Structures are given as structure tokens and as C-alpha cells.
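Dear colleague,

I am passing on the structure we spoke about, and below it you will find my notes on what turned up. Please read them with the coordinates open beside you.

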Amino acid sequence: MAEEREREKVCGGDGRAPRIVEHPQAMVVRRGDPATLNCAAEGDPTPDITWLRDGLTVTTSADDPLSHRVLFPSGSLFFLSTRAGKKDTDSGTYTCTAANLHGSSTSRNATLTIATLRDEFRTVPRDVVAASGERAEMLCAPPRGNPPPQLSWTRNGHPIDLEQEGERVRLQEDGTLLIAEVLQTDEGEYVCHATNQAGRRSSPPAILDVLVAPFWVKAPRDVVGVAGERAELSCRVGGDPPPTVVWRRVGGRIPVGRVRVLRDRGLRVAPLRPEDSGVYLCKATNKAAEITANASLTVLTAPQVVEVPGDVEVQEGGRLALSCAVEGRPPPLVYWTREGSQTVLPTTRTPLPLGPPRGEDAGEIGGVRAAYEVLHAAHHLSGRYVCGGVNRAGGVMTRVTVKVRPSHLLPPPIISVPPANQTLQVGGRAALFCRVWGSPPPTVSWRHRGRTVTPNARRKILPDNTLTIDDVRGDDAGRYWCVASSPRGVTEAGAFLSLAAPGHPPSPAPDPATAPRPPATPTVRVANETAAVVEWAAPGGEGGVTGYTLEYYSSEEDGGAAWRVAAAHTPHTTFTLGPLRPAATYGVTVRAHNAHGVSEPSGIAEVGVGGGWVVEEDVEVAGGLTTARVVLQEARPVPPRPAAKILWQTEGDSSSVEGFYIRLHHESRDLHRDAGTGDTPVIHRPPLSGESNSTVVTVLNAGPGAASYVLHGLHHYRTYTVFLVPFLKTFEGRPSNSLSFITPEAAPTRPPQSVGVQLTNVTTASVFWSPPPPLHRNGPITAYQLEIVSADGSVFLSRAVNGSIRSLRVHNLTLGDSYHVTLAAITTAGRGPFTAPVSLHVDPVLLHPLAKSGPSLASLDGDVWVIGMIGAAVFCILLVSVATLLLWRRHAKNKALGHAGEGVHKGEGLGASLATGDGALWQEYAGWQLEKVCGGSADVKVLNTAGPPGEGDPPAPRSLVTFYRGPDADGPYATTSLLAPHSRHSLKARPEDHRGEGSDKMPLVGHTKSADRTYHTDGASTLRRIKGGRPLLSAPPLPCLPPPMSESPYSEAHYTPTLAAHHRPATSPTLPTARPATPTSTPPPRLFRHTLTACPALLATEVKLAKMDKQQRQEEEVAVAVAVAETSRRSQS
């Protein structure tokens, strides 16, 4: 800075030092290409710019006119052609310097690199051979270059996208292409490419050859052939290199003279013989691997009709019986059908033996007889009937004519302009037309991929029901259905919306105006009960009609009528509509087709059938059906839905075949095997008895050759037998062979049966069950889900057990707890419903042998209240019977005691005896054991009225006995006085004699008439008021029941009666009482008193006794005492 100031002073101070305003930038260029290094500076005066390379001054054209470097006035350095030689090179580090009188300034460094790339690869790829699934490496080392080149690979001229290939294909650091798992699509020509700024170099191509192990294009499958015909076993394989195929027969020799290897390596055997049956093996081999498969060839016998009735004619209301027998091997499925009705009639099938028993075929079924019967034939049953028989070898049919002597609408909605197929570009606009009419006016909706189309910003439904879709996307493609609904039925029409591939032109929907005019309303030329010939006139005008479609509906369809296509694209103007239902009304309409689309429908023609004799057609019309032969080639289920696909081939003259009836039979399923057996259900023969369910599907003939059809709406895991019947108008041809298949499995629809539990000990229980019903298993049971829930709702056990197990032992139960057990069956398709909860109570009582007598104690849990009610009712009936018997005995003894000379008194007589002091009361003695007789509920009281101890004479024994109900009762059970003959005078008791000191209570024993009040004691510390000298009514007690004579844990050894003070009030020292001592063990429950109060009959008896007069009650109570004494003596003896 000092120098600059000094220089400014010297120069007068005017100007400024240079400053770099644009620095050169590093760059890479190819050798020979021009290049420019920019540099700009400012200062006053204008600075001069010079360049340095690697610290040395750069020679420019200003210094040497031959130099290829040019210094621009702006300061930039321009290279006419960059050089990269050993002697002369432009590569290096460049700087520019700007200088003037006031100083200098230097730019930042900038590197100029001359890119180079050699031609030779250090390592070139080589051909590689790898098996499919193995590892392969394609080697490559790029040529040297500056900067280092980048590597890439191409396969068959197309770059390999490493990101899309993922981890399977990787590029290593050394340039090697690694393929971790070789696929057949990896085969091809590989080239390694090296690229930098100097250019691109490509290696010589290398071939990757992928060996593909043999694989089945068409694997061998089981074949059923008929003796005398031919059979072909397929064995079409693929692989690289092509495999070699060898056939051999397992356990036998191949019939060389009758065997030929086909071009596709299949095996043809012709003509077939029964001894050709066996297993044939196909082996395919190449360098990669070897595969083997086998197929069985079964030679069968086609069905033959051996018994058939002739033409039948019956009166209307009479019995119609048809029966025919068909033989074949395997036993055929025999059926009856009314020709043209499409339905299989309910028949009864019985087996026919194969012939005289011989060897292993003894008892084998060789044929089936089918019988169809109608008890009261109606006129509409007249017609042609067909008896057919089918098995895996072929089919046969015979025709029978039945004559029954006679005894004497609004259409569904019509889509007049259906939607048309169209192909559009992505982003285009689609318009699907749908014009409908009907009465009442139908409602229209659109459906796409099974879902109703909801209008939104892109999809709109116009007032004329046209569906428009803006900005068409990929998810808009598919089939669209226009659905017209009204109370008369539902009509649908569909069209496909497709997206055009890039580079392909779109194909929009045709203009409805270009479609032909509708044909004239058809007319019915001739009709019978099952068919009608309909004809119509071609539409006028130009249009180039190419065909017609005939649609019809029936007024007798369930759930509303629907339009059905009877003929599509037929070139004729006549058509035979059939089969028709008897006495039904049909509507028929026709549409015309041309190259632009389909016309609106014609008017509707009504076809009425019924009444009169059947108009029969000439059987010769069906003559062409005899030359057509239908072979059912395949019938297999289509999982996961209950559907099946069938494939058939029409041989011979098929021009007379109008269509096919696909008849489907399904039988009861007793073919299921439980899990663990490993068996696959196989149909060995059709059902022989009962009615088989059947379904018929009509398919129009698509022409000669193979055809297929998918059957929907089948049941899960059910065995089906399917065959085809060709038809022409109302005539049927010979049926095809039959094939069987089983639909996919599903979850069970019923829970397991007979679920029960049984306690083994106080901590273990056994749970046992049986599988669901066969018709509801929907597949082999693979497992059972066991759920045990505690009473508090917590899950005690949740476990899946093997499907072959029928019981399970559960441990670690808690004594006294309750559990709920549920069970569900499981197939491979899912779990079925759970059973109703079964209760398990861990109670040791259930371990008693009697508690185990039933199959399941827990299963009776819901019926305990029923059993208890029945037991209570029986017990009450027994008690009423006993009470009635005792009442009868009382009356008998009362009569006997009524004639005795001794007086028996109670109340006043007792008081008199006590007053005189010469009458004593009975004391109970231990020999009676009243507590045993009364179940421990008797109390004994001994009354002593002689005052305190020591005053007067002691009471005599056998004076008074009081029977108590028990310590919890309100009063005595019975009180009986037995007095001597001389104790008959009355006693006037003084109240003060019965009061304690300081007490003003009423007397406790006896009577008093003080203040006109009379009280009657019942032996306890309570009094009952007496009005008019008579105590209040109280039902006399019944005697105690005698004890059983057998030994009991409550025998008299447990009880020792002693005298003890009981109910001894402080105010009454004159009432010493004695009661039995407390027993040493708990007495049995006293159920009699509770049962007495629970039985209305016994209560009614007490009320009745309470209404008797005083004398009768006294006599009855005496009789009770006598009966008790006698019973006690008998029990002790």
C-alpha cells in the first residue's frame, strides 16, 4: 500500500490499480476441439493481461504468428485446437495477470484438461453358459482414459436398467456385470461400453446362453378311452436345449404294434383294448435337468340301453310310469327328461348287477335302472321323453312318446340403443349410450367392475342415461353395464372400454344414426306346446344388414321377467323358439345388425302356448343330430369361487347342432374324509337311489371345434357330474361322456356336534365332540379351535387341535370355578361358527360314579330346574299322601278313645290337678328318645306347681309331655296331658303364685279369671288370650315321623337326654324344665317343617283341624301322644 501511494504521488495521483472481474474456469475438452479460458479485468489505465501455464508465460499468436493460442482484446485465451502431445500439450493450470501503472492483479487457478480415451479394452467380455437360476458373471475392464471412463451394459442392443433389475443384477467396481439369479429372459448378446468426454468405446459382444430345465407345456393327464377307439397321452415339454422324451409303461409292456409317438411327443394308442389299461410314464431330459410324469389309461365300456318302454298313452289324471335300464362300466348316470324342457325329471335309481359273480368283479354294479312316475298325469305332460345314460366313456339316449288324453303383458325394460365397444387414447373422452323404454318407466344405473358407477367430476350420467368419462385413465378400462330396472324385471347391456396402445389409432363408438332400421314386428307362423316358429321381414332402406338377434321374455319367470337372447347374429329371417313352458306367454323382438352397429328393437310379438293336442314335429328333423358326437374333454373347478370350467369338442357334422344343454348333477356328499387320512374324495359311481339335484345351462353352438364354458353358482366342496347334450329345435341328440369334479373348499357352516365335558379329577376335565354334519363341513376338517372362558370372562384356554382328534384333556382347573367351553371346526378355507357354550363346574360331587353315568353332566346344566320342579312335585305328593294316612289313623283312634271310661282333659282339668297337689304330671324318660323320633326337634318340659324345691311332694312321673318344634320355633309342637283318674276336679290358680319377686307379669302356666281375662299357656314363655273360656284357634300339630329302622349316622348313640333347665324365667321358680342335652354332632336338617309350610295341602289340613270343636281337638292330641309313645317303643325294640 505504501508503494502504491508512493506511485500515485509520482504519477500525480490519477488512476487506479487493476482488478480481476472474471476469473477463468476449469474445463475438460477433447483433444483437437477449440477451447476458451475467459479472463477480464478493470483499472485505470486499462490493464494489460498475460497468461501463465504452470507458472510459465503462455505463447500466443501475438508472440508467434504460428501459435494456435490467441489472446483476445478482452483478455480471454482462445485455443484453436487443443493439443495433448508429449512435446506440446495444452493441459495444465492457467492463471491470468492484469497490470498497469498502478499495480497488477492475478486471477484464480483454472485447470484445462484434455480428455483422452484409448481404444483397447483391458478385458473384453466372453461367452457364458449358465443354467436358469444359477449365477453368471460378464467380465469387462474398460480402456484407460482421462478422466476415467464410465461403464454401462446393453443386452440385445437395449440398455440394462440396473435400478429396475434391483439386487438381482449388479455392476461391480471392476466393471463386471453380476447376475445373481439367471432367468431365461437374460439370454442374449451383451456389450460393455466405456464413456468419457473423449468419446465412447464398445467391447466386442458376448453371448449369455441360459440353459432351461425341461418344463411341462402340456403334462400327461389321465385319459379314459373306449374299447375299439383311440386314446392319446400328452407329453409336451419345453426347455433349452430341447429335451429328449422317452415313454415307458409301469409294470408292463407298451403295445408296440398299436402305439405311435406323436410330433408333440405324445403317445397314441389305437385301437384300444381292455389290456391296455395301466400307468404310462413320460421322461424328459436335457443338459440342465430331468423331469418325469405319469398318466393312467383306463379303457371303459360305453353305456348301452338294455331296457326301455315303448310309447306310452295314459288318461289325464291316471298314473304315468316310465322306466329304463342302462349298462356300462363304470356304472352310468341314468336320467329322464322331457325333450325340449331342459330340466331333468326326478327319478328313482336302483343298481343292476354286472352279471354272474366272478373273481374280483363279484358284486360290482354294472348298470342302473331309472324310473319316473307321476300319480296323476296332466295334459301338459304329453310330449317326447328321453332316457339317457352317461359315464366317463360316453353317452347313450333313447326316445319315448307320451300322450296324455285331455279331459275337457307388459314386457321388461327394453334397451333400445345399447352401449357399444370403443377404444380410446389415454386422456380422451368416452361416451356410452343407453336408451331405454318400458312401462312403467324404468330406472337406469351403470355398473363397472361389479360396482355401481357414481357420478363425479370426470364421470357424468346425462339425462338421456348416457355415461360420459372425461380424461380417460387406465382404471377406466373394462366392461360397463347399463342396467334398466322396473317392477317388470331387469335388463342389462354391456360394452367394453379399452385403451389404445401407443402408436395405435383409437376406435370410437359408432354413431347410432349409422345403425340399420329396426325389422318389422315378427309373426308366429306355427307353434306347439314346446316351440314356436317366428319369422320377420328385413328392414327397408340401405344399411347392409349382416344378421339378426332374436330376444324373448317369459311371463312366468320368478322374480320378474328378463330379456334373453335366443339367437345372435343369425342370417335367417325365421327362427324356432324353444323349448317353451306349457301355458306360458312369451314376447319376442328382433334387432338387425350391420357393420356400424345394432338397430333398435322391433315391435313385440306375443307367443301363447297351451290347450289342445300337442302339434308334433317330424322326428326326421333331428336326423342330423345322430351324426354329431360331443366329447367332453375337461371339467375342472376354478378356485377360489365355487365355479368350474368345462371344455368340449364336437366331432362329425355339427351343422345340425343348434346348441348344447349343459346338464350338471350334484349328489349328497358322503365322500368327505377327515383330516389325517390323506384320502381324496373320488366318485366311483353315480347315486343309485333318491333324487339328484340337477341344473341345466343352454349354450348356442359356436361352430365346429372346441368350445368352453364356465359354470357359476355352484356349491362349495360338492361333487358334480357334468355332461352335454346337443339339440336342434326341440330335439336332443346323443349325450356326451360325463366328467366329475369337486368344487373348492369353504369354511364349515355348522359347528361340531355332541360337545360334552367330563371331570377326571378336581383339576382336570376331558372335552369330547364329533365333527359337523357332512353336508356342512365344506371340506376335510383340518383342525378344531377350542375356547374355554372362565366365569369372569377371561380366556382360560384358546387352542387349535388336529382335525383327527375327537377329545382333549384340559389341566390346571380351579376347584369351585365354572367355565364355558366352545368349539369350532376349521378347514383350509377358514373357520366355521362356534358351538353354544357348554358349562363346566369343577365340583367334586361330579366325580361320584352316579354323576358320571350320563354322557355329559355339564350338558344337563340347562335342565336342572326342570328336574328340581319334578322332584319337588313328587315330594309334595308323597307328603300329602302321608298326611292323609295319618289323618285317617287319628280318626280311627279317636273313635276308640271316645268309649274309654277315663276322662282326658286339658286346660281347666290340668289346673285343678295342680291345685290339689295330688295329681302329678308325667316326666319324660330317656327311653322315648323323642329327639330321635322328631329329628332332634323335640323339647321336654316338666311342670312342678308345688312351689320351690322342698315344698310339697315331688311330681309323679308320666304326667305331662310337651313336644317342641325346635329351638327356632315360636311354640311347642304338641302338648299332651295324661292325668290319673282321680284328678278330675278343677284348680283355681292364684296369680301371685306364679309371679316372681318384683314382677307384675301375667302367669306363665294355667288359667286365671282375674278381671274377666283368661290366658292359655302353650308351654313357652308366651301367652294366648282366651275369649269366652276358649283359646284362639290354632292348628293341632301333626305327630313326628318315626325314624328309619336302618342304621343312620344320627343314631341314638349321639344323643343322651338329660334334665336341664330350659326357659327358666327368674320370675317363675315353679317351672323347672328339662330338655335334651346339646348333641355331640350336628343333627340332620329338619326339612319336614319347611316342607310343611311349602305344601298348601298340609296347611289346608291344619286349618281344617283348627276348626274342630274343643273336645275333638283334645281327643286328637291325646291320640297323637299315644301314637308317638307306641312308635318310640317299637323303634327301640
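Is Cys192 buried or exposed? In this predicted model, Cys192 is buried, with a relative accessible area of 0%, and since the cut-off for that class is under 20%, the assignment follows directly. Its disulfide partner is Cys140, the two sulfur atoms being 2.0 Å apart, and Cys140 is likewise buried, at a relative accessible area of 2%. The link between Cys140 and Cys192 is left-handed, with -80° about the S-S bond. Because Cys140 sits in the loop between β13 (136-138) and β14 (145-146) while Cys192 belongs to strand β19 (residues 188-196), the pair ties together parts that are 52 residues apart in sequence.

Cys235 counts as buried at 0% relative accessibility, and Cys282 is buried with a relative accessible area of 0%.

Cys434 and Cys482 form a disulfide in which the sulfur atoms lie 1.8 Å apart, and with -70° about the S-S bond this link is left-handed. Here the distant parts that are joined stand 48 residues apart, Cys434 being in the loop between β39 (430-432) and β40 (435-437) and Cys482 in strand β45 (residues 478-486). Both Cys434 and Cys482 are buried. For Cys876, by contrast, the relative accessible area is 26%, so that residue is partly exposed.

Turning to the strands, there is an open sheet of 3 strands in the order β55-β56-β59, with antiparallel pairing. Since β55 (628-637) and β59 (705-711) stand at the edges and each has a single partner strand, one side of each is left without a neighbour in the sheet. Neighbouring strands of this sheet are turned by 20° against each other on average, with direction ignored. Strand β56 (residues 644-652) pairs with β59 in the antiparallel sense over 7 bridges, and Ile646 has Tyr709, in β59, as its bridge partner.

Notes
Residues numbered from 1 in each chain as written. Predicted model: local features only at pLDDT ≥ 70, side-chain atom pairs only at ≥ 80, totals over all residues. Heavy atoms only, no water. Pairing = 2+ DSSP bridges. Helix = DSSP H or I, 4+ residues; strand = E, 2+ residues; numbered from the N terminus. Axes fitted to C-alpha atoms, helices over the stretch in contact; angles between N-to-C directions. Disulfide = S-S within 2.5 Å. Buried < 20%, exposed > 50% of the residue type's maximum accessible area, 1.4 Å probe, protein only.
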